Structure formats: structure tokens, C-alpha cells
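Take each task first, then walk through the solution.

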Amino acid sequence: MAKDPTQTIPPEVWLEIFTHTTPAIHDRVAVDDPPFRLPGATYTDLSTKESLSRVCRHWRDLTSQQLYEEVVLADGLSALLTTLMTSDSNFGLRGNLVKRVVLPFHSTCGAPWAIAPIIAILKACAQIKALVRPSDSDRLRYSSFFDYEVEAVAFPSLLRLEWHYNDDAERSGGINSLTSVLRGAPNVRYLSISGADYPGYILLDRSPTLLSHLEVLRISTSNPHIIRVMCNSWTMPSLSKIIFDVHPQPHSLDIIFEHFGPQLRAVEFGRRPPINVEECLLLCLGRCPNLLELNCHTLWVAPLETIGNLQNHLPHRNITTIKLHNATPLLDAGETHLDLDHHSTFLASDALPSLKRVVLCGDWRVYTQTSHFKSVVEKLLRSGRTLEVCVDV
């Protein structure tokens, strides 16, 4: 009998091929995000992985690790639990292959008996690196669904937590409570908080919480109460980077920088249009003396040297890298080169004596073809700085 041709190719070659045909999980379990890039898609297409696993037994064995590395807990929970509790000949208990879990809030509402399969699945997945609690308000129409207390689950291997705050779910505690999950995840290093974009009171637990290893905090909510809880109740000794997707009001930003400013090494003002971004920059420069990297958008910021009171916070002696994003692809570089010319005059000055790198993120293809780009490069080089273009953002 002829040998199966799929088995004549070394397994590592097949695995490399499979990696290029299925969504890579690396970015979705990483403990940081590339500059100016929002977190990846909450739900990923798993159909390709399923199709590969059904080609033959050899491919099923090869793709087992990829097939189970990411699960969505919504439907078919009993069958999934049975599968994850089954041992794989190559990798042992399949539950240990799960690296990322997407858990919509509608899956954890209702009576304890209805949620029991979810709790059992989470306990069977001892190696979870990333947990996502996404927004699913269209599936949650009645807050009474969260009238029952929910069991807590420990996540000792969790490194990344993406949480869309749900006030109704929070009151049921356990796996529905942000604070409860954080306390059960002692090694979490990345936390993204969104939701609650209203100014009202929230139910978030205010008791002290130690997040010893948290390094990156992504803030995608402007709710002042959430920010106050983070600053007053959470201890984050390892926090070194904050990403602002939704810009808090200046008084909330002042509280954040007052508590964490001295320990921050990187701050990013992200993709969404900011409010009073110049004032945000002033607070950042004034409250973060040890900052090494600052990321912001050129089109939303007035020429830096024109910002009032800026000189009161200069020189900033530690910033080594500034990354600038143009927000949208450039169809006409006319206005943008004026902004960047103004920025480059400031960046080449003595206001930032340790600055070494200026990185342009986004689509700058039109601008880099102009004479203005060459003059900006030369200006920065004369001052001992380099200008780089990052085409991956």
C-alpha cells in the first residue's frame, strides 16, 4: 500500500504551513500591543482550523494544539466540556491546550445550575493566558439575569485580561466581577478596561487589590469612578505603560498621573479623537519625569512649541523615543508637512536632550515622497536624532 503523501513531509514543515493559514494567536495573548493598534478581533474565524483537522488523522494530530488553543464559551458547552476533559495522545488533557478564552456576559447570567458548565470548563483549562469579557449588550436586555451569585475561578496562568465593564454583571460577583477575577489572577501583566462610558456611579469593588505584575494598562473608558477605583484601591508596583484609547477628563488624568506618573516609562494617546490633547500632554510631561517613550497623533496636536505653559515642563531629560501617527492615510501632504515641520523644530531642540528616535507610524507614503520629508530628516540628523517610518501600523 502506498504511503500517505502527507506523512512524507516533516511535521515541523506542516506546522509552519498551518501557522500561515490560520489566525496567529500570539498577538491575542501578548502582554503588550503594538503602538497605535487596537486589540485584535474578539472573535476569530476557527473554521480553517476545523477543516484542517478533518483532512486526515495525521493532520488532526498535528493541528490539535492549534485547534484547542482558543475557545468561545457561548454554545455547545456540554460537548466542549467533554472534549476538553479528554486526553490527547500527544499533548495530554486537551483543556491544557487552551490559551485564550472569550467569555460573553450572556453566558454567565442566570441560575447557578445554568452557569455550572462554564465554571467547569474554566477550571479544566489550567493554562489560560488571555481572557476576554466582550460587550454583548444586544444579548443582555434584563439586568435581573444577574440576580444570582456567581462562583469565582482562579486563573494562575493568566497574563492578559480584556474586560468590557458591565455594572449589572458586576453585582453578581465571581467570574462576573472585575475585581474578583483580578484577585484570582496574580500574574496578570496586561489589563484593558472598556465600557461604562457614562458618568454615573458604578458598583466596582473598592477594597484594596494588589496587582503585583501588571505592566500595561489600556484605558478605554472615561468613567471617572472606574479611574478613581484604579488609582485609590489598586496597587500596581510594576505598571510601566498606560495606553489611553478614550481620553479621560483632565481632572481624572491628573489623578492617574499623580498616582502612577513617576513609575511610567511609556504613555500612548491612542487612535480615538482626544479632548484637550494639549492639556493631556502637559500633564503627562509634568507628572511623568521618568518617561522614556511618548506616542501621540500629529494631526490632533498643535505645534508643540506653541502650547502654552509647555516651557514650565521642559526640558524633559529622559524621553528617548517619540512615535507619531497621522491618524488617516495621507491623500494630500500639504497641511500635514506643515504640522510635522513644526513638530520637528521642537523635536530637534534642546527641550528633549535625551531624545534619540522619532518614529512615524501609519500611512506616510505620500509625505515621504516630498522634499519636506528630506528636510525634516536632515534637521533631526543634525541634532543627533533619527527619523524612522514604521509601515506595520
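**Exercise 1: around helix 13**

Just after helix 13, Gly384 takes a positive phi of about 90°. This is a predicted model, in which local features need pLDDT of at least 70, side-chain atom pairs count only at pLDDT 80 or more, and totals for chains, interfaces and linings use all residues. Residues are numbered from 1 along each chain as its sequence is written, and side-chain values use heavy atoms, with hydrogens and water left out.

Task: find which residues of helix 13 are buried and which are exposed on the other side.

Solution: 
- Step 1. Pick out Phe373, Val376 and Leu380 as buried (under 20% relative accessible area, with exposed over 50% and partly exposed in between, 1.4 Å probe, protein chains only).

**Exercise 2: helix 9**

Task: work out how many residues of helix 9 are buried, and what caps its N-terminal end.

Solution: 
- Step 1. Helix 9 covers residues 224-233, and seven of its 10 residues are buried.
- Step 2. Among them are His225, Ile226 and Met230.
- Step 3. The cap is Asn223, with a side-chain oxygen 2.8 Å from the backbone nitrogen of His225.

Conventions. Helix = DSSP H or I, 4+ residues; strand = E, 2+ residues; numbered from the N terminus. Polar contact = N/O pair within 3.5 Å; in protein donor to acceptor, adjacent residues only side chain to side chain.
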